[in-house]
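Please open the structure in a viewer and keep the selection tool at hand.

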Amino acid sequence: MAERDTIIDKMPNNKNSLSNGGHLEFEGKVADLDSQMNELRRLSSIKGIDYSAEIRRLQRQQVTELKRIYSNLTAWQTVQVARHPNRPLLSDYLDLMVKDFRELHGDRCFGDDRAIITGLGHIGRERVLIVGQDKGKSTKQKIACNFGCPNPEGYRKALAKMKFAEKFGIPIVTLIDTPGAYPGIGAEERGQAQAIAVNLNQMPRLRVPIICIVIGEGGSGGALGIGVGDRLAILEFAYYSVISPEGCAAILWRDGSQAPKAAEALKLTSKDLYKLGLVDAVISEPLGGAHRNLHDTVYNVEKYIVKTLRDLKRTKLDNLLDNRYKKLRLIGVSPAEKLRRKTLAGKERVKEALEAIPTKRKRVPAKV
Amino acid sequence: MPTTAKQPPAQVRGLNNNMGKEVKSKWNGFSLKPRKEMPEGLWVRCPGCEHMLYKSAVEKNLNVCPECNHHFRIEAATRIKYLADEDSFQEILGDLTTDDPLGFKFRDTTYKQRIKDDVKKSGVKEAMLIGKAFIKGRGIILAVMEPNFLMGSMGFVVGEKLCAAIDMAMAEKLPLVAVCCSGGARMHEGVVSLGQMAKTSAALAKFDEAGGLYICVLTDPTTGGVTASFATLGDCLIAEPGALIGFAGPRTIAETIKIELPEGFQTSEFMLEHGFLDMIVNRRDLRSEIARLIDYCQK
Ligand SMILES: [Zn+2]
C-alpha cells in the first residue's frame, strides 16, 4: 500500500487539530478573546476573584466578531472552514442523526471501500439508506478510509446498495464529503471513470427519492459520483467544485499558491451555487461554522432531510423521476432559456390537446 | 517546431542510420499538454518513433504514422471527413455558444477571451460538433469533439449539444456515434460543467431505455469528467491505438503517489487489458467497424 503511505503528507487535513486551538488564520481576534477568557478563568480559579461579568462581556464581543467574520467569508476562507479538522464528519452524522444504523459492506466484486460507507437506518421516523463519504478522525481511521478519497469499489458498493434500497422502496440519503475520487494506479486499473459514469447513468433511474447533501468538501467527480438525485443541498460553509482550488490554480495560474484566487473564480461557495441555481437548498450552520457546534449542525441537516423526504414521498414515483430528469437536463441552462422552455412545453401540451380533438371528431362522421 | 522545409534533417524516413540502435520508447511521458502538434512545413516528427516524415504522406495515411502506427491528434472537421461519407455531415446547433455562467477571470485574461482566441485558432465555435451523417450509407447521429478548442473540455455547450444529439437519435431512431477527445470538464464553468456529466449520463439513460445504439470512439486523449460520464457509457466502446484514456491525468497521479508510472499506463491497450474497452481499431478501419456494428445491432 505504498500509494496510501505517500498520500498522508499530501492531504490538507493531516493534523488532528490546528496548533492554535482550532482557530483558522482569519480568526485572529476570536483566538485572542478566547485566550483572554481562558486567562480570566484561570485567575478566578487561582485567586477566587469573580470575573464572570468580564468573561460575559468578552463572550458577547466574541459573538459579534464571529458574526462579522462568518457573514463575509471569502471563497478561500470557506474552503478552509469546509476542511476544518474539527468539522463534523460522516461518523458524527451517523452517531447523532441515524438511529439503529446497520452498515452494509462490500461491492460484491473487489472489496469494501472505507471511504464510502453505506447502510440502513432511521432518520426521524423514516427508514433510509445512507450513502456517505468518510474522511476519518484519527490518523489510523484516515488511512483506512483513504482520507475520504474513494476508489472505484466505493462507487460500485454505493450503487449496489442503492439498487437494494430501490427494490424495497427505501429512500436514499447521500452525504458528500470528499476531496475527490482517488487518483491512483489501482483506481485507474479498476476503472475509476467507468464506476462514476455508471453511477451517473443509474442514479437518475432509481425509483426511490434521493436526497444529496454536501456536508464538507464536494470534490469534483468524486462528489458527483454519489450526488445525483431529486434534491441537492449544501451546508452553508461547505464547498462544491469541479476541481480543487489548488488544482485549478496550478493549471490556469500555473501556480498552486494562487488557490485563493482560483477559489474565488470557481464560484464554489453555497451562496454562489444557490445564486447560479446549481443547488436546491443551503442548510445554515451555527455561529462560527459547523465545527463550533456539532449538534446544531447535525440537527439542521436532520430537519432538512425529514422535511424534504416528506415532500418527496408525496410525489408520485413517475412524476418524481420525471422531475429529476428535467432538473438534470436544465443544469447550466440560463434562467431566460428555462422560462422559454417552460412556455414551450406549455405550448406543446396545448398542441397535444388540440391534436387529441380531431381524433374524436373523426368518429363523428363515421356515425353519419 | 523542430524543423523547416529548407533543411531536411538527416534522420529522414529511410535515411536514418539508427537502425541498429535501441529505438526510443513509444511512451513519451505524462504531459497533459497536447503531444507535439503537427509543425508547419513539409516535415513532421512522429512523437511515437521520432522519425521525420513527409507531412503529405502522413495526411494521406489518415494522419497515422506509416512507420509505427502512431495516431496523430486530428481536429473535428478532419475526423468527420475520415469517418462520414463524403459531404454527408449536416451540422446542427453549430451556433450554440456559452454565456460564461461564472464570469470567469484568471491571471490577466478572461474565459470569454480564451473562447474568442480558440474560436480563431480552431475555426469552430465550441469543443463539440454534432449533426446527422452517413457511414457507408447508414444514417447516424454523429458527435465529434474538437481537441483544439480549450482542450476539448466539456462545458455547458458540449453537454447541451450531446443531449440534443441524444434526443435527435431517439426521435429519429438512429444510432449515436460519439468521438471523444477531451481533457475533461471545463473548469472555467465550475459546477455547471460538472453538472454536464450528470446531464449527459441521464440523457443516455433515457436513450438506453429507448433501445438506442450508442457507440463511443475514444481517441487521444480522453480523460477526466468526459471519461467519467458519456465516454464510457456506450453500448460499444472502441478506442484508437495508443490513446491516453483515464480518469485522473497521469501527472496528477504521479504527483499524488510519488512513484513512477508503469510504461503504457492509461493507454488504450492498458484499458483493453483491464476490461474497459470492446476493441481497439485503427483509424483506417473505423468506418467499416462502425458500419458493421450498426448492421449487427439492427433490430
Ligand atoms: Zn512513428
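Select strand β4 of chain A together with strand β5 (residues 210-219) of chain A: in this predicted model, the two strands pair in the parallel sense over 6 bridges. Within this pairing, A:I176 stands opposite A:V214 of β5(A).

Remain with β4(A) and display its side chains. A:I172, A:T174, A:I176 and A:T178 point one way from the strand, while A:V173, A:L175 and A:D177 point the other way. Are these residues buried or exposed? All are buried, whichever way they point. Because 7 of the 7 residues of β4(A) are buried, the strand is largely enclosed by the rest of the structure.

Next, select helix α5 of chain A, residues 90-97, where A:L90, A:Y93 and A:M97 are buried. Looking down the axis of α5(A), one finds its buried residues within an arc of 65°, so they line one face of the helix. The cover over these buried residues includes β2 (116-123), β3 (126-133), β4 (172-178) and α14 (294-314) of chain A.

Domain 1 spans 2-72 and domain 2 spans 81-328. The C-alpha centres of these two domains of chain A lie 29 Å apart.

The contact between the chains is the next stop. Chain A contributes 45 residues to the contact and chain B contributes 46. On the side of chain A that touches chain B, the elements that each supply at least two residues include α1 (2-7), α8 (185-189), β7 (239-241) and α15 (317-329). Which element of chain A gives the most to this side? Select α9(A), which gives the most, with 7 residues. By type, the residues of this side of chain A divide into 27 nonpolar, 11 polar and 7 charged.

Turn now to chain B, which has 9 helices and 11 strands. Of its 299 residues, 48% count as buried.

Select the open sheet of chain B, in which 7 strands run in the order β3-β6-β7-β8-β9-β10-β11 with mixed pairing. β3 (90-92) and β11 (279-280) of chain B stand at the edges with a single partner strand each, so one side of each is left without a neighbour in the sheet. Inside this order, β6 (residues 128-135) and β7 (residues 138-145) of chain B pair in the antiparallel sense over 8 bridges. B:I135 stands opposite B:R138 of β7(B).

The last stops concern backbone geometry. Most residues other than glycine have a negative phi, and most peptide bonds are trans. Select B:D220 and B:P221: a cis peptide bond joins them, with omega about -10°. B:P221 is placed in strand β9 (residues 214-222) of chain B.

Then select B:N69, in the loop between α1 (55-60) and α2 (76-83) of chain B. Its phi is near 65°, a positive value in a residue other than glycine. B:N69 is partly exposed, with 17 other C-beta atoms within 10 Å.

Finish at B:K173, in the loop between α4 (156-172) and β8 (176-182) of chain B. B:K173 has a positive phi of about 55°, although it is not a glycine. B:K173 counts as exposed because it has 12 C-beta neighbours inside 10 Å.

Definitions and conventions
Residues numbered from 1 in each chain as written. Chains lettered and ligands numbered in written order. Predicted model: local features only at pLDDT ≥ 70, side-chain atom pairs only at ≥ 80, totals over all residues. Buried ≥ 20, exposed ≤ 12 C-beta atoms within 10 Å, placed from the backbone. Helix = DSSP H or I, 4+ residues; strand = E, 2+ residues; numbered from the N terminus. Arc of directions from axis to C-beta. Contact = placed C-beta atoms within 7 Å. Pairing = 2+ DSSP bridges. Domains from an automatic or database assignment. Nonpolar A, V, L, I, M, F, W, Y, C, P; charged D, E, K, R; others polar.
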